[in-house]
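Dear colleague,

Please find below the sequence and structure that I am passing on to you. My notes on helix packing follow.

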Amino acid sequence: VHMTHVLLGQDPAAATRLYAALLGHFLPDMWTPMVEGALLQARMVGGGEAALVAAAGTDKKTRAALADFRTALADAGAAAAGGHPGAALEFAAAARYAATVAYARSQKGREGELRAVWIHDSFGVADWGWERSMEVLAEAGFNAIIPNMLDAGQASYPSAWLPPHPRVAEEGDQMAQLLAAAHRHGIEVHAWKVNYNLNTAPPEFVERMRQEGRLQANTAGVEMPWLCPSHPENRRLEAESMLEVVRNYDVDGIHFDYIRYPGSEGCYDDGCRTRFQAQTGHIVREWPRDVLTGPLTEPFQKWRQAQITALVRDVAVRSRDIRAEVQISAAVFSQWDQSRYTVGQDWVLWAQEGYLDFVCPMNYIPNVEQFEATVRRQVDWIDGSIPLYSGIGAWQMSSVEDILAEVEATRRLGADGFVMFEYSA
C-alpha cells in the first residue's frame, strides 16, 4: 500500500474506515475480529445499554437515540451473518454514534457550573465570524468563552499598549464584536491574555523589547523570546494592557495564560541578578550557580514565585477598583506542587489569597483514570477557596465518549465546571 500523503488526524472515523478496508482486502480473516471489536466498542459507550437506559429517564430524544442504537446493532449482526462485513462495520459505527448521542443527552449539569471553551482564533471559528460562533456554542449548552484577544505583543482591538493585529484595520474591533454576539446568546466572555510569551508577537515588537533589554535569558545567558517578569516595564505593560480591557469593554472577566516562566531555565539575565540582590539583600558571588544548586537556591525560588505573583496581585487589586464584578482567572499547569518551583506558578497561593475568582488547571490528559486522579488532587489543594474549572484537552482525545466521561468526572469529583480546549473548525 502506498499513501501519497501523510495520513492526518482530523477525521479519525474516516481513517478507521480506510484502515479497515485495507486490512479486510489484504487479510480477509481480519474482518471478523474487526466487526466484533467495533460492536464491543459500541456496547461499552456510557457504561453499556443498561446504564444508558437508566440515565435516559423519560427524555424522548434520548430514548429515540437508544432505539437507533438497537436497530443499528441488529443490522450489523444481520450484515455480518450475510457475509457483508464492510456493511456490518458501518452499522456498528452507527450504533456507536447513537449510543454516544444517548450518553451525551443523559448528562446532568450542575447548577451554577461553568461550561466554557478556550478559543485561540480572535476572529471566531474559521469563516463563521462571532455571531455564528456564539450561536453554535449556545446551542451546544456552553455558557462561557475564553477568547485569546491579546498576547504579550499584539491585540485584536484598538489598544494604547499593544500593536493591533493586522486584520483589525480591515475587520474591526474583535473584542466589541465578540461581546455583542456572546451577550446576545447569554454567553460570558473572559478575555484571555497570553503573558510574557512573545512567540506570536510581531518581529518589530520583539526587536524593540530586545533593544530595551527586556527579554529573558536562560542559565547559559542565551536570549529567550519571553518578557522578563521581574523587569518593571514588562510588569507595567502586562498589567496596563489587561486593565485597559476592564476599563474599555463590558467583559465578564480577564484570564491569565502563560503566567509563569517558560521553564526551569528562565530567567537568568543580568537584570534578574541585580533585582534579586537589591530586593532580597543576598549577594550572588557565582551567577547563576549560587541560585541553581548553591546556597541561594531556595531564596531565589521564592523570589521567582514572587515575581509572577506580583503581577496577578496587582491586576486583581486594580481591576476590582475599576469594576468589582469583573472576574479574575488563570489557566495553570495541572501539577501545582511541581510548577511553583519549575515555572514559578504558585496558583494555590493565588486562590488562598483571593487574587483569583476561579482557576482553570490545564488537565490535558487523555486517560480518563489519570484525569480523575489529577482533578481529585486539585480539588483537595483548592479546598473550596475558589471555584475550580478543569481544563479538558478535547483536541487530543480519541473518542467523544471519553470527553463526556471527563466532563462527568468533573461533576462527580467536586470541580465547579470545565473548559474545553479548544473551539475551532
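In this predicted model, helix α5, which spans residues 85-105, and helix α17, residues 400-412, have axes that come within 10 Å and cross at roughly 15 degrees. Since angles under 35 degrees count as roughly parallel, α5 is therefore roughly parallel to α17. The crossing of these two helices, α5 and α17, is left-handed.

On the α5 side, the residues that meet α17 are Arg96, Thr100, Tyr103 and Ala104. Their counterparts in α17 are Val400, Glu401, Leu404 and Ala405. Sorted by class, the contact of α5 with α17 comprises five nonpolar residues, one polar residue and two charged residues.

Helix α17 also packs with helix α16, which covers residues 368-382. For α16 and α17 the angle is about 25 degrees, and the axes lie 10 Å apart. These helices, α16 and α17, are therefore roughly parallel to each other as well. The crossing in which α16 passes α17 is right-handed, whereas that of α5 and α17 is left-handed.

From α16, the contact draws on Val368, Phe371 and Glu372. From α17, the residues involved are Asp402, Ala405, Glu406, Ala409, Thr410 and Arg412. By class, the contact of α16 with α17 has four nonpolar, one polar and four charged residues.

With kind regards

Technical notes:
Residues are numbered from 1 along each chain as its sequence is written. This is a predicted model: local features need pLDDT of at least 70, side-chain atom pairs count only at pLDDT 80 or more; totals for chains, interfaces and linings use all residues. Side-chain values use heavy atoms; hydrogens and water are left out. Axes are lines fitted to C-alpha atoms, for helices over the stretch in contact, and angles run from 0 to 180 degrees between N-to-C directions. Helices (H or I, at least four residues) and strands (E, at least two) are DSSP runs, numbered from the N terminus. Angles under 35 degrees count as roughly parallel, over 145 as roughly antiparallel, 65 to 115 as roughly perpendicular and the rest as oblique. A crossing is left-handed if the near helix is turned anticlockwise from the far one by less than a right angle, and right-handed if clockwise. Contact means heavy atoms within 4.5 Å. Ala, Val, Leu, Ile, Met, Phe, Trp, Tyr, Cys and Pro count as nonpolar, Asp, Glu, Lys and Arg as charged, and the others, Gly among them, as polar.
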